[in-house]
Amino acid sequence: MIKLKINAVPVSVEEGSTILEAAQFLGFPIPTLCHVEGLSPYGACRLCVVEVGEGARSKLVSSCTYPVEEGLRVRTASARVVRARKMILELMLGSCPQSKIIQDLASAYEVRQQRFKQEYETCILCGLCARMCTEQMMAHAIGFQGRGDHRTLGTPFNIKSEKCRLCGGCIYICPACQLRCTYTQPEKAICGGCANLSPPCLEKPNFDDMMCYMSPCVACEIKKD
Amino acid sequence: MNPTSVLPIVEKYNNRRGSLISILEEIQSQYGYLPSEALQVVADRTGRSLVDIYGVATFYKAFRLKPRGKHLICTCLGTACHVRGGPSIAQEFEGQLGIKRTGETTPDKEFTLETVMCLGACALGPIVVADGHYFPNVTTSQVKTIIGRTREGLDKIEVQKDKRIFPVEVACPRCNHTLMDPDHLVDGHPSIRVTVSFGEEHGWLRLSSLYGSYTIETGSEIPMGTIAHFFCPHCHAELIGASNCMACEAPMVPMIVQGGAIVQICSRRGCRSHMLDLDATAVT
């Protein structure tokens, strides 16, 4: 067990866990958009910044990628941390103003201004969808491409990938995009068993065993019977 | 493209870690770009997923997923070139070629237009690089000239004007009889006439007397890569020296240059190896 102090409270956590895991387990709230249990930590959204160290030598680190150390002093909500988070949220709100998750977070952190041009993107490049696709759905169909401000997520050559089973895991996990279940266009859609009385997965054999994130969903149950 | 031609490249690296960029570089040097089929083959053979390989191919600017045109025109849009009017130069190129500056290629596959974010030659700005040739202080009125000159070929050497190319007069090293044929001109200068044989064929061969020019005329076409035997048309001795070509190991053909030097040319068709030895006085 590693002993450290989070917000001046002495705690001991298991070796190898990250600050974020430790803090969330012990009930210190740290907001994050790119960390989901079951997926590898990535450190993309930077919302989980915390302050480690003391005095002039303290620094901001992303808690989702920082393993706990003996004697570490962590502050999860210092003025510096909150200021940094507010700035990150304001920037995210500039790029994806339509995301409800980001709006809610910004509201919770009392971001009351919008100094940046709104760009109406649908992606904050957190990479959750790519990790979901690779690590949980075992498809490895989407990933990062390009770089700099041309960096996007997608399938190779932006055409339908043979590896994609249309499971919808990427859309399910995305904190920013507004893609809804498009069951009226079955070729492009995830199953949509929730909203559709005759979902396409019922009629088409290629929707068998697609490991849809809805599983177990209505359609699968109907099919089994 | 034939996907099997990529296989030896991928297999050469034996699926070592960190070899992906080398594989892609080699494929690009073969095709000039990265065809999608080739990326699929790389993915299948290395066991990586196509999306990872596509990610690497799109991350590095050195990799291209579309074929490039014959000529590459690159306008600098770095800070110094930008304030001196780089964007209007790029715009003029776009207008005249009818393509966008983001790496598009004209439909006739002649020109590709790109921009660069600084060439380090800021004092010469706005600067344009066409096929590796730098054009400094470009104005919009020069754009048409640059396109025209690039289309003709900036690397073309003008035989008449180039100082590295000069005429020589040669003689047979055995009988010292001149080999020059003033009645038959090659490259506008008297030609060097010898007789050649290769395989079952015998015939004549006229070489350009310009040192550095590779123009030849033959009675019967010599296939590329064939080693020919050269003979003096006067004494019929074989023109063969002791030394072999540095590049391809074929025997070198010596000829005496008037004024006391020996020029040697490679006897293999297509090999451009040649040398001028100013100190040599006799054929060894």
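Let me start with the contact between the two chains, which takes twelve residues from chain B and 13 residues from chain A; please keep in mind throughout that this is a predicted model. Together, chain B and chain A bury about 1000 Å² between them, and 67% of that area is on carbon and sulfur atoms. On the chain B side, Val51(B), Tyr54(B) and Phe59(B) supply 53% of the area that chain B buries against chain A, more than any other three residues.

The elements of chain B that give two or more residues to the side touching chain A are helix H3 (36–46) and helix H4 (50–59), and H4(B) gives the most, with seven residues. By type, the residues on that side of chain B divide into six nonpolar, four polar and two charged.

Turning to chain B as a whole, we have seven helices and 15 strands, and buried residues make up 41% of its 284 residues. Chain B exposes about 15600 Å², of which carbon and sulfur atoms supply 52%.

Finally, a word on one residue in chain A, Ser17(A), which lies in the loop between strand S2 (9–13) and helix H1 (19–26). Is Ser17(A) buried or exposed? With a relative accessible area of 13%, Ser17(A) counts as buried, because the cut-off is under 20%. A polar atom of its side chain lies 2.8 Å from the backbone oxygen of Glu14(A), and, leaving aside residues up to four places away in sequence, Ser17(A) touches Tyr66(A), Pro67(A) and Val68(A).

Notes:
Residues numbered from 1 in each chain as written. Chains lettered and ligands numbered in written order. Predicted model: local features only at pLDDT ≥ 70, side-chain atom pairs only at ≥ 80, totals over all residues. Heavy atoms only, no water. Helix = DSSP H or I, 4+ residues; strand = E, 2+ residues; numbered from the N terminus. Buried < 20%, exposed > 50% of the residue type's maximum accessible area, 1.4 Å probe, protein only. Areas by Shrake-Rupley, 256 points an atom, 1.4 Å probe, with all protein chains shown as cover. Polar contact = N/O pair within 3.5 Å; in protein donor to acceptor, adjacent residues only side chain to side chain. Contact = heavy atoms within 4.5 Å. Buried area = accessible area lost by both parts, 1.4 Å probe. Nonpolar A, V, L, I, M, F, W, Y, C, P; charged D, E, K, R; others polar.
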